[in-house]
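Visitor: I would like to learn how the surroundings of a ligand and the contacts between side chains are read from a model. Could we go through them one at a time?

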Amino acid sequence: MDTTGIINERKIEELLNTGKQSSKIERLDVIEKAQDAQGLSLEDAAMLLEIEGEEEMNLLFEAAKVIKEKIYGKRIVVFTPLYTSNECQNNCLYCGFRVANKDLHRKTLCTSEIAHEAKAIENQGHKRILLVCGEDKKKTTIHHITEALQNIYQGTDIRRINVNAAPMSVEEFKKLKEVGIGTYQIFQETYHRETYKVMHPGGPKSNYDDRLHALGRAFEAGIDDFGIGVLFGLYDYRFDLLASLMHAEYMEENYSVGPHTISIPRLRPAMDSGLKETPYPITDEEFKKIVAVYRLALPYTGIILSTRESAELRDQLLSLGVSQISTGSKTSPGGNGKTDHEAQQFETSDERTLDEMVQVMCDQGHLPSFCTACYRKKRTGAAFMELAKDEHIHEFCEQNAILTLKENLLDYASDETVIKGEALINKALGEIRSSKIRSITRERLMEIENGKRDLYL
Ligand code: SAM
Ligand code: SF4
């Protein structure tokens, strides 16, 4: 399979070289232009990757914040991962689940264990799950995944399940679509072919092209809602960021839809890792730049921040364009009971609970959202992108965030969170411009207080 139509490494190197020669005036022009929220060309993004120094960085961060609020308003969507299995036939050097790790406590949850995990997650107050598993042709089959989805949807109040799992065939993707997958996530890890080869020495994942073409098969099966990502730290972040934008551009040109989400995992220590050190370490300042450049380049794409990052950095990143965060994450199967450190994929950093994170967001003026409306209203793929690009999506997002936060406060939150959350809801209501939408939202809040649930626009 030839992938040069997707990732052109020579072109990326050229863009990076041109970006290096950019002047401050050119970079400031790009930041200015980006605030129209129309996205950036690869040339423009390459220039922004050269930004250093407080003055330019602050302007970049400010622009990222403006764009995020223009498209999504103040809402930040919250979810948590559910690991169903740590069994894996691949040997990704960076991952604790790799086949060469003989000391890992291996486990694949059965249907009832998955239902139990999902219930524990629901009891924390979550409505969205990211289902994650290793790649094992016998254990983590399509049947394992689809059964998990069906059971969780039927047995809990979890309303949206996204999936991060190995690339599949068209037939398998069709089955995933049938059982109501939300977003299908697949990270290329690094788009740099040579590095990819070194990092993935065994198993089906060693096939770079198969991974890169997986989204085409997902589309063929009718899945138009997808997420991409780079595992930052494996290779030069500038190269990989530009390559991921090239991938997004390719999807948009060929399938008329860009990525629904971009994840920004950064390499963490893992048990029996095959990497003695991070090959391309990234500072926190560089990481913030990565988030901000993504926000300017792909204004309509959700940026997902995980608990791989520290509490301190996460609190800062909330204002730099991030639109979805995970909280209370465990990276081992069955992790929501007793944590088994010998079964983890990697070490998380931010251990705060959902309730604590809701408070942090309220303190910062962000609206924690448990909304799952778009997927159930069929606002996915091109339909979602159109709304986002016309900046209309926040008309739904803000109201749905208010309604789902209210549910959370009534059903799960601590007393302190309730006080903060109610104050935020009142403030957000006052900020709704349309008096009609404001009064509909008020009516629905009353209905929720009277016991109704799952109301959305
Ligand atoms: N096994 C499937 C795969 O690799 O595509 C599904 C999900 S894998 C469990 C989820 C993601 O975790 C990987 O795509 C990778 O980016 C990330 N990951 C693996 N090891 C990591 C580490 N040591 N630190 C941070 N992220 C890691
Ligand atoms: Fe397996 Fe995924 Fe870990 Fe690679 S990253 S070893 S495929 S679980």
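Visitor: Which residues surround ligand 2?
Guide: A residue is near a molecule if one of its heavy atoms lies within 4 Å of it. By that criterion ligand 2 is surrounded by Cys-88, Asn-90, Cys-92, Tyr-94, Cys-95, Phe-97, Arg-98, Gly-134, Lys-205 and Gln-345. This is a predicted model, in which local features need pLDDT of at least 70 and side-chain atom pairs count only at pLDDT 80 or more, whereas totals for chains, interfaces and linings use all residues. Residues are numbered from 1 along each chain as its sequence is written, chains are lettered from A and ligands numbered from 1 in the order in which they are written, and side-chain values use heavy atoms, with hydrogens and water left out.

Visitor: How do the residues of the shell around ligand 2 divide into nonpolar, polar and charged?
Guide: Ala, Val, Leu, Ile, Met, Phe, Trp, Tyr, Cys and Pro count as nonpolar, Asp, Glu, Lys and Arg as charged, and the others, Gly among them, as polar. On this scheme the shell around ligand 2 holds five nonpolar, three polar and two charged residues.

Visitor: What surrounds ligand 1?
Guide: There are 19 residues around ligand 1, and the closest are Tyr-94, Glu-189, Lys-205, Arg-211 and Arg-308. An oxygen atom of ligand 1 is 2.8 Å from an N or O atom in the side chain of Lys-205, and an oxygen atom of ligand 1 is 2.7 Å from an N or O atom in the side chain of Arg-211. The backbone takes part as well, with an N or O atom of Arg-268 lying 2.9 Å from a nitrogen atom of ligand 1.

Visitor: How many salt bridges does a search of the whole structure find?
Guide: A salt bridge is a side-chain nitrogen of Lys or Arg within 4 Å of a carboxyl oxygen of Asp or Glu, and the search finds 32 of them. In one, the side chains of Glu-189 and Lys-205 meet at 2.7 Å, N to O. Glu-189 lies in the loop between strand E4 (184-185) and helix H8 (193-199) and Lys-205 in the loop between H8 and helix H9 (208-212), so this pair ties together parts that are 16 residues apart in sequence. Both Glu-189 and Lys-205 are buried.

Visitor: Which parts does the salt bridge between Arg-314 and Asp-350 tie together?
Guide: The side chains of Arg-314 and Asp-350 meet at 2.6 Å, N to O. Arg-314 lies in helix H13 (residues 311-317) and Asp-350 in the loop between strand E8 (324-326) and helix H14 (354-364), so the pair ties together parts that are 36 residues apart in sequence. Arg-314 is buried at 1% relative accessibility, and Asp-350 is buried with a relative accessible area of 3%.

Technical notes:
Helices (H or I, at least four residues) and strands (E, at least two) are DSSP runs, numbered from the N terminus. Buried means under 20% relative accessible area, exposed over 50%, partly exposed in between (1.4 Å probe, protein chains only). A polar contact is a pair of N or O atoms within 3.5 Å; within protein, one must be able to donate a hydrogen and the other to accept it, and residues adjacent in sequence count only if both atoms are side-chain atoms.
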